[in-house]
Every structure is written in C-alpha cells, then in structure tokens.
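Subject: Structure handover and findings

Dear colleague,

Please find below the structure that I am passing on to you. My notes on it follow.

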Number of protein chains: 2
Amino acid sequence: MRADARRNRQRVLDTAYAVFATDGIGVPIDEVARRAGVGAGTVYRHFPTKEALVEAVVRDRIGAMTAKARSGVDFGGFFAFMVEASLANRAVAEALAGGGYRVPADAEAALQAAFADLLRHAQRTGDVHPDITPDDLNSLVVGCVATARQRGDTALVRIVLAGLRP
Amino acid sequence: MRADARRNRQRVLDTAYAVFATDGIGVPIDEVARRAGVGAGTVYRHFPTKEALVEAVVRDRIGAMTAKARSGVDFGGFFAFMVEASLANRAVAEALAGGGYRVPADAEAALQAAFADLLRHAQRTGDVHPDITPDDLNSLVVGCVATARQRGDTALVRIVLAGLRP
DNA sequence: AAATATACGGAACGCTCGCCCCGCTTGTCG
DNA sequence: CGACAAGCGGGGCGAGCGTTCCGTATATTT
C-alpha cells in the first residue's frame with residue numbers, strides 16, 4: 001500500500017472517531033471527509049460503506065471496554081466506566097442502544113463475556129443480588145446511558161447499583 | 001368546517017396515533033396518509049407540518065399520563081405506568097427521550113408537576129430516599145424506557161425502585 | 001338544480017445523503 | 001528521470017422524505 005494511502009486512511013479513521021464521538025453516527029460522510037481534508041471518494045476507497053467505517057470505530061471502543069473489564073476493576077467500577085465511556089462517545093451509546101447500526105457480533109460477545117465474569121464474582125462476594133443475569137446488565141447499561149445522556153452526569157448509576165444489592 | 005373535512009381530520013389523527021405508536025416518529029407522512037386512505041395534501045391541510053401532527057398525538061398521550069398521576073395511584077405504580085405507556089407507544093418514548101421532536105412545554109410541565117407531587121408524598125411516607133429530585137425521576141424514566149424497549153418487558157423497573165429506597 | 005366555496009389526491013419540487021465514476025495527480029520503481 | 005500503477009477529489013446519480021401546488025370532485029347554500 002502506498003504511503004499516502006496509509007496516511008489518509010488513518011486521518012479518516014481519526015477524524016471519524018472524533019466526529020462520531022461528538023455528533024453521533026448520523027453525520028454525513030461528506031462531513032467526515034471534509035474535516036479529514038480528503039474527498040468523499042477517498043473515504044469510500046478505504047471503507048466500502050459508511051457502516052464499515054462506523055464499525056471500525058465502534059469495534060475499537062468496545063475492545064477498549066473489554067480490556068478494561070479484564071484489568072481487575074470491580075463490578076461497580078466497571079459498570080460506571082461503561083456508562084461514562086458511552087456518555088463520552090455518542091457513537092458507542094447509539095450502537096449499544098441498537099439504533100440502526102449494530103455492534104459487531106464477536107466484539108459484543110467478548111464484552112458480554114467479560115462483564116458476565118465480573119457479575120459472577122460480585123454475586124459470589126454478595127455485592128449483587130443472585131437473580132440478576134448478564135442480559136439484565138446489558139439492558140441496565142443502555143438505560144443508564146440514556147439517563148446519563150439526558151442529564152450530562154452519571155450520578156444516577158448509584159441508584160441502579162443500590163437496587164442491584166441482595 | 002365541512003363534514004368530510006372533519007371526518008378526514010379525525011381519520012388522520014387516529015391513524016397517526018396508531019402508526020407512531022407502533023413504528024415511531026420516523027415514519028413518512030406519505031405512509032400515514034396512505035394508511036388513513038387520504039392524500040398527503042390532506043394531511044398537510046389539517047396539520048401544517050409533520051411536527052404539528054406529532055405534537056397533537058404526543059400531547060394527548062402526555063395528558064393521559066398526567067391524568068393518571070392525579071388519579072390516586074402511588075408513586076411506584078405511577079412510575080411503572082409511565083414506563084409501560086412509553087413501551088406501548090414508541091412516539092411517546094422518543095419524545096420523552098428528546099430525540100428530535102419535543103414534548104410541548106406546557107404538557108410536559110404539567111406532567112412533571114404531577115409526578116413531583118407523588119414524589120413528595122412518597123418521600124414523606126418514607127418510601128423514597130429524600131435526596132431524590134423530580135429531575136432525577138425524569139431521567140430515570142427515560143433510562144427505564146430505554147431498558148424496557150431493549151428487553152420488551154418492564155421487570156427492571158423494580159431494580160430502580162429498590163435503589164430509590166432510603 | 002345551479003352556483004360557489006371548500007376540500008381532495010397525488011404528482012412534482014427541493015433538499016439531504018449514501019455511494020459511484022472519471023479525469024487528473026502523485027508516489028514508486030527500474 | 002521517466003513510465004506506470006495507485007490514489008485522489010469532487011461532481012453527479014438515485015432514493016427517500018417533507019412540503020407545496022393545482023386541476024378535479026364534493027359538500028353546502030339558495
């Protein structure tokens with residue numbers, strides 16, 4: 001691959017990352033191209049569809065979340081981290097909520113598996129009610145993100161965590 | 001106003017009510033017109049913009065919620081009712097979440113006032129933690145709706161209500 | 001029944017946006 | 001340096017949607 005091509009690809013990716021985080025997945029590709037200082041055709045040469053570009057960005061973020069879950073944080077801390085990350089990145093919030101674009105299945109599965117491990121541990125130590133399932137958690141994260149987005153803070157995560165106690 | 005005009009207006013309103021409830025605010029006006037058995041021009045004669053039509057529908061639903069809040073239900077029951085109503089009516093859920101179209105200010109204010117009264121009472125009787133504010137509630141409803149929509153049930157409302165206890 | 005205002009349907013317009021195409025530029029390699 | 005492939009920009013196409021327009025139809029009034 002030619003050097004300028006690789007450079008442009010990275011520029012597009014970085015720009016898309018920033019733009020999608022701020023303005024969400026709805027921004028036109030032309031706008032991403034403009035801010036990256038390239039033509040729309042260049043974007044489409046590197047990412048065959050808009051969805052492919054979104055997926056590249058979201059996959060990266062979900063991967064970072066999974067890594068965080070494996071880094072030794074506790075359950076509550078990770079829950080708060082996910083909500084904060086979604087608040088800081090609108091594209092992630094929209095993808096998790098299932099609005100149109102989907103999170104790549106394998107990345108989502110890895111995240112959920114990591115989250116489920118944290119949950120199991122928290123249930124063993126008595127911090128979380130034993131009836132809660134991993135599925136419940138995903139829904140709760142979506143709800144907390146919606147709440148946090150509307151308010152601009154994550155204060156209400158505490159309420160949910162309090163409700164999860166045995 | 002001519003008799004057929006009044007009839008058509010009602011048909012459009014009823015159809016919009018059903019279509020927006022099922023498919024959300026995103027459905028094209030042409031689709032509403034088609035299902036109502038009228039032309040698009042007829043819709044626009046009775047409702048100058050799409051937003052006006054949406055507002056008419058949403059205002060009605062918010063009004064029904066406010067009436068429910070004044071009907072003597074308790075706090076938890078009303079909270080669950082709001083979430084269920086939003087789950088049953090996608091347009092309401094989207095309007096409350098602030099996605100694009102706005103709830104008419106006066107209708108929203110009336111609902112919030114009614115909800116705040118219920119909250120105060122619940123706090124006096126010791127069912128809800130005294131630090132919770134009416135604003136917190138609105139956010140929580142949005143979050144619970146997002147959760148409920150993703151899962152298709154409202155089981156997780158209990159978790160939030162549990163977290164609200166003193 | 002004739003006259004008139006009112007309402008109707010749906011084609012058409014303008015705009016946005018995802019995506020494609022093609023003439024030109026630029027990096028790479030002998 | 002020269003030839004050639006690889007890459008680039010941005011105008012253009014088609015689809016979807018909100019909104020408008022106007023020739024036709026119908027309710028109302030006398």
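H1, helix H2 (29-36) and H3 of chain A, together with H1 and H3 of chain B, each supply at least two residues of the surface near DNA strand C. Helices here are DSSP runs (H or I, at least four residues), as strands are (E, at least two), and both are numbered from the N terminus. A residue counts as near a strand if its C-beta atom, placed from the backbone, lies within 6 Å of it. H3(B) gives the most to this surface near DNA strand C, with four residues. Of the 22 residues around DNA strand C, those that come nearest are Ala3(A), Gly41(A), Asn8(B), Gly39(B) and Gly41(B). By class, the surface near DNA strand C divides into nine nonpolar, six polar and seven charged residues. In this division Ala, Val, Leu, Ile, Met, Phe, Trp, Tyr, Cys and Pro are nonpolar, Asp, Glu, Lys and Arg are charged, and the others, Gly among them, are polar.

Please note that this is a predicted model, in which local features need pLDDT of at least 70 and side-chain atom pairs count only at pLDDT 80 or more, while totals for chains, interfaces and linings use all residues. Residues are numbered from 1 along each chain as its sequence is written, and chains are lettered from A and ligands numbered from 1 in the order in which they are written.

DNA strand D is surrounded by 22 residues, the closest being Asn8(A), Gly39(A), Gly41(A), Pro28(B) and Gly41(B). The elements that give two or more residues to the surface near DNA strand D are helix H1 (3-23) and helix H3 (40-46) of chain A, and helix H1 (3-23), helix H2 (29-36) and helix H3 (40-46) of chain B. The largest share of the surface near DNA strand D, four residues, is from H3(A). Nine nonpolar, six polar and seven charged residues form the surface near DNA strand D.

Turning to the protein itself, chain A has nine helices and zero strands. The C-alpha trace of chain A spans about 55 × 35 × 25 Å along its principal axes. Of the 166 residues in chain A, 34% are buried. A residue is termed buried if 20 or more other C-beta atoms lie within 10 Å of its own, exposed if 12 or fewer, and partly exposed in between, with C-beta atoms placed from the backbone. Among contacts in chain A between residues at least 6 apart in sequence, 66% join residues at least 24 apart; two residues are in contact if their C-beta atoms, placed from the backbone, lie within 7 Å.

H1(A) has 21 residues and reaches 30 Å from its first C-alpha to its last, close to the 30 Å expected at 1.5 Å a residue. That expected span is 1.5 Å times one less than the number of residues. Within H1(A), Val12(A), Ala16(A), Val19(A) and Phe20(A) are buried. These residues cover an arc of only 95 degrees around the axis, which puts them on the same side of H1(A); the arc is that of the directions from the helix axis to the C-beta atoms. The buried residues of H1(A) pack against H2, H3, helix H4 (50-69) and helix H6 (90-97) of chain A. On the other side of H1(A), Ala3(A), Arg6(A), Arg7(A), Gln10(A) and Thr22(A) are exposed. Ala3(A) has 7 other C-beta atoms within 10 Å. After H1(A) comes Gly24(A), whose phi is positive, near 90 degrees.

As to the interface between the protein chains, 18 residues of chain A are in contact with 18 residues of chain B. Helix H8 (134-151) and helix H9 (157-163) of chain A are the elements that give two or more residues to the side of chain A that touches chain B. H8(A) provides the largest share of that side, 10 residues. The copies meet through the same surface, because 100% of the interface residues of chain A are also interface residues in chain B.

Leu164(A), in the segment after H9 of chain A, is buried, with 24 other C-beta atoms within 10 Å. Not counting residues up to four places away in sequence, Leu164(A) touches Val128(A), His129(A), Ile132(A) and Ile159(B).

Chain A can be laid on chain B with an RMSD of 0.1 Å by a turn of 180 degrees and a shift of 0.0 Å along the axis. The two copies are thus related as by a two-fold rotation axis. The superposition is by least squares on the C-alpha atoms of residues with pLDDT of at least 70 in both copies.

With kind regards
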